[in-house]
Each structure stands twice: as C-alpha cells, then as structure tokens.
Amino acid sequence: MATRKTVRKKAPARKATPKKAVARKPTARKTAKKAAAFKLTYATMFNPPEEMHTRFDAALAKTKAALGKEYGMIIDGKEVRAAERFEDRSPIHRDWVLGVFQKGGVEHARQALAAARKAFPRWSRMPWKDRVRMMRKAADLIDQRIYDFGAVLSLEVGKNRNEALGDAAETAELIRYSCDRVEEHKGFVVPMGKDPITRFNIRNVSMLRPYGVWVVISPFNFPCALTGGPVGAALVAGNTLVMKPATNTPWTVRLIAEALRDAGLPDGVFNYVTGPGSTIGQELIESPEVDGITFTGSFDVGMKIYRTFAGGRYARPTILELGGKNPCVVTRKADLERATLGIVRSAFGLQGQKCSANSRVYIERPVYDQLVSRLVEATSKLTIGDPTVRGVFLGPVINEDSYRDYKQFSEELSQSGKILTGGKVLTEGAMAKGFFCQPTLVADLPLSHRLWKHEMFLPITTLAPVESLDEAMKLANDTNYGLTAGFYGSREETDRFFDQIQAGVTYANRPQGSTTGAWPGYQPFGGWKGSGSSGKNAGGHYYVQLYMHEQIQTLVS
Ligand code: NDP
C-alpha cells in the first residue's frame, strides 16, 4: 500500500524550547534519516532531498559509461536473439546509442506465447501467498535499483530526473498495491451461503481465478509504470505473460524483466519480446493463444486492437488505457497563483507527453487576462535542455515524428490562433542533436478548431475565455476523451465540477498539477469514454480483479 508509516507519522509533541538553545548543524546521520523518510511521489517530487541528486548523478555516470550494449529478448527464461536488430537512440542526443535490441517477429511472438502457456499450470496453481511473496521481491528489487532505472528512463524517454525516478517508484508501488489487494481479500476465495436443503450438505465457494496467458503492450511515455502496473496485477492474479514494450523504450522494460527474473519467477511466466508493433505486436493481438490483453497507448491503435481482438472465437478481456485531451476550468473565484503553478506543471511536465497532460484551459473572462499573463510568465521561466541535468524541467520530445508534428501544429496554430509564447524548436548548441521544442501557449483559437479535440501529445496548451462555469463545463466535456480534468474555483463550485465532469481522475485547487500526478493508493488512474475500456482505475480497489474470472464451486456431500 502506498501509505507508509513515514508519510503518516504524527508530528512529535512539541517540547518547550530551552532558553539558550544552541543551533546545531544537522549530523550526517540525521540528514540520511531525513532522506530515507522522504517518499517520492508526483506530488512530493518538486523538492527532493540532496541525497536523491547525489545518487542519481552516480547512477547516471555509471549508466553512461556502459552505453551501446546488445540485449536479447527473454523467452522461457532464455536470452533470445533475432536475425535483425535495432538501435535504441536517446531523444536528448541522436548520436547516443543507448543499446541494441532485437527486432523480433511473428515467430518470436509465437514462441513467447507457447512458453507462457507451458508455464501457466504451475504458476496458476502455486499458492497465492507464494506468488505475492515473489512479486513483492520484484517490487523491492525495483526499489533497490531505482537510481539505475531513473538514469535509463531519463536517457531513453527524455524525462527529467524527478519524473524519471517517479516513474520507477510508482512501478514498485503499483506491484505492491496489487499484492496488498490479493492479501486483503485472502486470494479472493469467498465462502457463500449453504443451499436451504435439509438432506444434503452443500458447500458453495466463490473464487476468482486467472484467465491464462495475458499480453501487455505499453507506450513510450511511462514505460516503467505502465508495464509494471498491469504486469504486476496480471502475474499476482496467476496469469502468465508476454510483454511488448514500445520500440522507443525497450531498455527500461528490459530492467523490469530482469527484476522479475531475479525475484525468482519460474521460466516462461514472464516473457519479454521486442520489435515493431506492426509485426510482432500484431501477431500478439491476432493470436488465439491469448486469453486477455492490456494495452496502453493511443486511441487509434487501441481501437484497432480492440476490433482485432474481438475477432477471436469468443469475447476475451480487453483492458484499454488510451489517450486524453484533458481540460482545466478556472473560475473568477480561483486562487490564480495555485492555478498558474498547477497548469504549467501539467501542461509541460514530460514535454506535454503525458496522457494526463493539461492540453486545454477554459478561464472565466473576469480573470482571463490576469491568468494568461501569469501563465506566459511562468512558462517563459521553465528550463529546457538535457533533462538528466539537475534543475532542467523540460527535455526533448520522443522522436523525429513528434518533432515534425510539433512544427506542423505550431504552424497551423499560428495561422488560426495566436501563439503567446513558444512555437519554435530549439537548435542551439547541444540541443541541435536532440528533439527540443519550446513550451507553447496558444490563445484566440476558434472553439470549433480541430485541435481543441485532437490529442497533440506535445508541449502545446490552448487557452480560451468563457462567460460562465456552465459554459466551461460544457466545453470541458465536449470530447471523446475522459481521462483527467482539473479545476480552480471556490469550495461550492468544486461540488459542481466533481458532479458534472466526465473523467476518471479529477482534481480541484491542486498546485502540484492541474491534471497530472496520480499515485497508486491516493489517486487510482483510469479513463472514461474514449480514454479507457474497463471503468476501473489502476492502483485502485477494483483493478487486480480485472485479471481474474469468477468460478463458483458447489460441492454436495
Ligand atoms: P502508440 O499507440 O503509438 O503505441 C503504444 C504501443 O502499441 C507501442 O508498444 C506500440 O509499439 C504498440 N503498437 C503499435 N501498433 C500496434 C499493433 N498494430 N499491434 C500491437 N501493438 C501495436 O502510443 P505511444 O507509445 O505513442 O504512447 C502515447 C499514447 O499513449 C498517447 O495517446 C497517450 O495518451 C497514451 N497513453 C495513455 C495512458 C493511459 O493510462 N490512459 C497512459 C500513457 C499513455 P511500437 O512502438 O513498436 O509501434
């Protein structure tokens, strides 16, 4: 469970201050204790202890000294090589080859599914307490290796160090959260009522049991948490697994595969394959050998997977976590300082490449000019550059395609609206070798423009004045998406916002992020409408159950 004693610890009772108190320097032990008590979440990451920086820098130096190695796929516990390979290059600097990975194909998908099928009987029949123990060990290993994960995540995705460490820390939390739910429900074995018959003794038991072979396909932007979360739930529930990461982020996911292997999972329980979505991914979604799938990624690919998967012999569970076009509403009664901080963090954190990014803002007219000038000022102060460097907030966008999209969207927006700040790619100095884009705020875009509804997935946010809260809520809900939403206004107004907003994760008056920054156990994460298929949020009460089907066992004696 995410709530640890360190977080909830009550403040000690205040002692009377001695008259001549001597100011003492904190000892090394005290500093270390303080650092250990710190719990990194997306809400606390803005002010981490010094130790986090020292340890990150050490891990980064170690990681950078060992770039360019070749990594296999892991199928049935063995390292598997393909005939072709691909290079994993950093978006920070195109010349940095982080690693060389296997371009797996159809036959590797089949091998991995066969290995998972073979491993299923043993893994699913293992007592649930043993599975929980192994998965907890994997979570602990991720925690122990967190700085190595952070360095790789920063180099591979272009996350700043806080975001990178957050992604890894969240992964361990998500795995533990599923373990906690299985324990809390005692393996989901529930005795039911006895039939009201006198001559027979009838025992009824409800059990949640695993489906079989599960496929997880993850996106590039949270390669750690969006792999570890579904993988942790599927495995602890008793399924075996085939995992395919995004082509841009195979290394991070390989680290998860290694943590699971080192935690002692039997061969074949977790299989890691790499290669293009269009070939190896396609085979995974077309195969009749798959009993369930979790896909996190774009709406278009997700819907294609949904339709393809539905072409099987019968309906199988399909958990889709898709895109977002997340609104924020600011009323005339809002605290504008909080709104500014929250909106800028959520619009531009990870370069706007979060499914939860705040990509549109509706502001009541009386405070529109004031908030807009605050937002422009705060945005112009954001630091951009190599995100592994301490203090840098924005890194590069993920690849050439996103870089090109940014230039095209900026051009289109400058013609139909007004770019208040940003709108240009950055090519000076070392940034010339990466995909760096300015954080961009746009005003005066007609509300009928297509980019109010299209997920750009870039550091671009559009702003519009509205006449009333009613109008703002109507516009906020007027998309196919329903992932996250933010609000700044009075206490009374927040009730209306929560009641009317169509989104799975909603925040009011939050400076830590208007629409981003969910954490397992605090803000379970999932979407409504076109943003998600299950209606149950990851890192929440109802998630691990999605990976099991119910069986009633009636025994008459
Ligand atoms: P994509 O949809 O492009 O890709 C996601 C994954 O699908 C990748 O592993 C990709 O592999 C794979 N894939 C692509 N085509 C196929 C196919 N035909 N069959 C099987 N797999 C395939 O998304 P991005 O990686 O660009 O991620 C960004 C998107 O993810 C955004 O829309 C964002 O909103 C969404 N997202 C949603 C979240 C949520 O919780 N709701 C969280 C995070 C992101 P390859 O890379 O090899 O093409």
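1. Threonine 516 is a buried residue, with a relative accessible area of 3%. In this predicted model, threonine 516 is placed in the loop between β20 (505-508) and β21. The side chain of threonine 516 is joined to that of serine 346 by a polar contact of 2.6 Å. Strand β21 itself (residues 528-529) holds lysine 529, which is taken up again in point 7.

2. The ligand is surrounded by 33 residues, the closest being Thr247, Ser298, Leu322, Cys355 and Glu455. Which elements each supply at least two residues of the shell around the ligand? They include α10 (277-286), β11 (292-296) and α11 (299-309). The largest share is that of α10, with 4 residues. An oxygen atom of the ligand lies 3.2 Å from a backbone N or O atom of phenylalanine 220. For glycine 277, a backbone N or O atom is 2.9 Å from an oxygen atom of the ligand. Glutamine 282 takes part through its side chain, where an N or O atom is 2.9 Å from a nitrogen atom of the ligand. On its own the ligand has 920 Å² of accessible area, and the protein covers 87% of this.

3. A search for aromatic pairs across the whole structure returns 12 of them. In one of these, the ring centres of tyrosine 71 and phenylalanine 101 are 5.1 Å apart and the planes stand at 15°; planes under 30 degrees apart count as stacked, so this pair is stacked. Tyrosine 71 belongs to the loop between β1 (69-70) and β2 (73-75), whereas phenylalanine 101 belongs to strand β5 (residues 97-102), so the pair ties together parts that are 30 residues apart in sequence. Both partners fall below the 20% limit for burial: tyrosine 71 is buried at a relative accessible area of 12%, and phenylalanine 101 is buried at 0%. The two residues also belong to one aromatic cluster, formed by Tyr71, Phe86, Phe101 and Trp251.

4. A further stacked pair is made by phenylalanine 487 and phenylalanine 497, with ring centres 4.9 Å apart and planes at 20°. Where do the two partners lie? Phenylalanine 487 is in strand β19 (residues 484-488) and phenylalanine 497 in helix α16 (residues 491-500), so this pair ties together parts that are 10 residues apart in sequence. Phenylalanine 487 is buried, with a relative accessible area of 0%; phenylalanine 497 is likewise buried, with a value of 0%.

5. Rings also meet charged side chains. The charged end of arginine 181 is placed over the ring of tyrosine 177, at 4.3 Å from the centre of that ring. Arginine 316 lies over the face of phenylalanine 309, with a distance of 3.8 Å to the ring centre. Phenylalanine 309 falls within the residue range of α11 (299-309), one of the helices that supply at least two residues of the shell around the ligand.

6. Strand β7 (residues 202-210) is mostly covered, since 7 of its 9 residues are buried. Valine 189 has methionine 207 of β7 as its bridge partner, while arginine 203 has leucine 555 of β22 as its bridge partner.

7. Two lysines call for comment on backbone geometry. Lysine 186 has a positive phi of about 50°, although it is not a glycine. Lysine 186 is located in the loop between α7 (161-184) and β6. Is lysine 186 buried or exposed? With a relative accessibility of 58%, lysine 186 counts as exposed. Lysine 529 likewise has a positive phi, near 50°, in a residue other than glycine. The location of lysine 529 is in strand β21 (residues 528-529), and at 37% relative accessibility lysine 529 counts as partly exposed.

Definitions and conventions: Residues numbered from 1 in each chain as written. Predicted model: local features only at pLDDT ≥ 70, side-chain atom pairs only at ≥ 80, totals over all residues. Heavy atoms only, no water. Phe/Tyr/Trp six-rings, centres within 6.5 Å; stacked < 30°, edge-to-face > 60°. Buried < 20%, exposed > 50% of the residue type's maximum accessible area, 1.4 Å probe, protein only. Lys NZ or Arg CZ within 6 Å of the ring centre and 35° of its normal. Pairing = 2+ DSSP bridges. Near = heavy atom within 4 Å. Polar contact = N/O pair within 3.5 Å; in protein donor to acceptor, adjacent residues only side chain to side chain. Areas by Shrake-Rupley, 256 points an atom, 1.4 Å probe, with all protein chains shown as cover.
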